[in-house]
Amino acid sequence: MFKLNKAQLRWLAMLTMVLDHFAEMFLKPGLEGSSEILTKLQLSRPFAEILCNVFISLGTFTGTVMIYFLIEGYFYTKNLKKYMLRLLLFGVISQGPFYLAFGVPALNILFALAVCLGAIYVHYHVPDSGKKNLMILGLFAINCFTDWTIMAVPITLYLSEAFEPVQEKPGFKVKPDRLRLAFIKSFILMLIIHVISLGSFLKGVSTTCGFVLAAILITRFYDENKTKKSGTEEKGYIASTLKKYFFYIFYPLHLVILSGIYKLLID
């Protein structure tokens with residue numbers, strides 16, 4: 001059976017993120033009044049509307065894959081504190097490009113991932129249910145100030161239930177039945193929130209397409225072991241460092257590039 005490794009899923013996640021952000025920055029403004037930008041992109045209004053709906057519906061693919069890999073990263077990392085600090089540091093670096101691109105008073109996705117990493121730690125390390133629920137509630141409240149608002153923490157916790165800690169490397173075992181159940185619960189939550197926020201069942205369903213695609217690829221085609229077998233886990237300090245930091249650099253960089261293109265088009 002055809003299998004995907006981690007690098008391939010990451011590339012797909014970055015592609016869907018760029019498409020989603022392109023739709024938010026270029027197509028939506030063009031459809032909501034600034035039609036000049038559609039003219040400069042040589043896009044008809046009907047075609048731009050189709051592209052906008054497709055690209056935005058794929059946007060949930062990115063968040064789903066990033067959360068899943070965040071949970072894997074929690075088990076793989078040798079230093080959880082450094083992992084958290086790296087997310088926060090690049091979150092600070094990315095905040096300017098994020099605001100430049102979207103102009104919304106919210107924290108970017110790297111801050112959301114940092115909050116989700118905190119939720120994973122609480123899930124596995126706080127045995128007292130009362131204390132755990134209180135800490136999760138606090139993290140949930142903090143995440144409401146990020147771009148991912150209310151869905152990221154619950155989805156992270158649902159998916160974490162599928163990861164069973166074990167002694168042997170890599171330190172976890174994914175339970176397929178639990179993972180499928182986690183995706184089903186996450187889908188129901190996402191659908192309810194999107195239907196309520198968009199006021200339309202069909203629009204709510206369409207925005208979950210990226211999530212469903214990610215769930216299918218992860219549960220049916222993703223093979224973590226293929227990453228090692230295929231040689232994508234590069235050896236050497238420089239290669240491993242580039243691999244580790246590529247997404248952190250790519251995220252603010254693509255926002256700067258898209259913002260620059262937008263400015264060139266409207267000037």
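A residue is called buried when its relative accessible area is under 20%, exposed when it is over 50%, and partly exposed in between, using a 1.4 Å probe and protein chains only. By that rule F172, at 9% relative accessibility, is buried. The model you are looking at is predicted, so local features need pLDDT of at least 70 and side-chain atom pairs count only at pLDDT 80 or more, while totals for chains, interfaces and linings use all residues. Residues are numbered from 1 along each chain as its sequence is written, and side-chain values use heavy atoms, with hydrogens and water left out.

Let's stay with F172 and meet its partner. F172 and F75 form a tilted aromatic pair, with 5.2 Å from centre to centre and 40° between the planes. Rings of Phe, Tyr and Trp (its six-membered ring) pair if their centres lie within 6.5 Å; planes under 30 degrees apart count as stacked, over 60 as edge-to-face and the rest as tilted. F75 belongs to helix α3 (residues 45–76) and F172 to strand β2 (residues 172–174), so their pairing ties together parts that are 97 residues apart in sequence. Helices (H or I, at least four residues) and strands (E, at least two) are DSSP runs, numbered from the N terminus. F75 is buried too, at a relative accessible area of 15%.

The whole structure holds 23 aromatic pairs. One aromatic cluster includes F75 and F172 along with Y68, F69, Y74, Y76, Y124, F163 and Y222. The charged end of R10 sits over the ring of F69, 5.7 Å from its centre; this requires CZ of Arg, or NZ of Lys, to be within 6 Å of the ring centre and within 35 degrees of the ring normal.

Next, follow Y124 into a helix pair. Y124 of α5 is among the residues that make the contact with α7, where partners include V153 and L157; contact means heavy atoms within 4.5 Å. Helix α5 (residues 109–125) and helix α7 (residues 152–160) pack at about 40°, their axes 9 Å apart. Axes are lines fitted to C-alpha atoms, for helices over the stretch in contact, and angles run from 0 to 180 degrees between N-to-C directions.

Finally, turn to two loops. Q42, in the loop between α2 (35–40) and α3, has a positive phi of about 60° although it is not a glycine. Q42 is exposed, with a relative accessible area of 73%. T149, in the loop between α6 (129–143) and α7, also has a positive phi, of about 40°, without being a glycine. T149 is partly exposed, at 33% relative accessibility.
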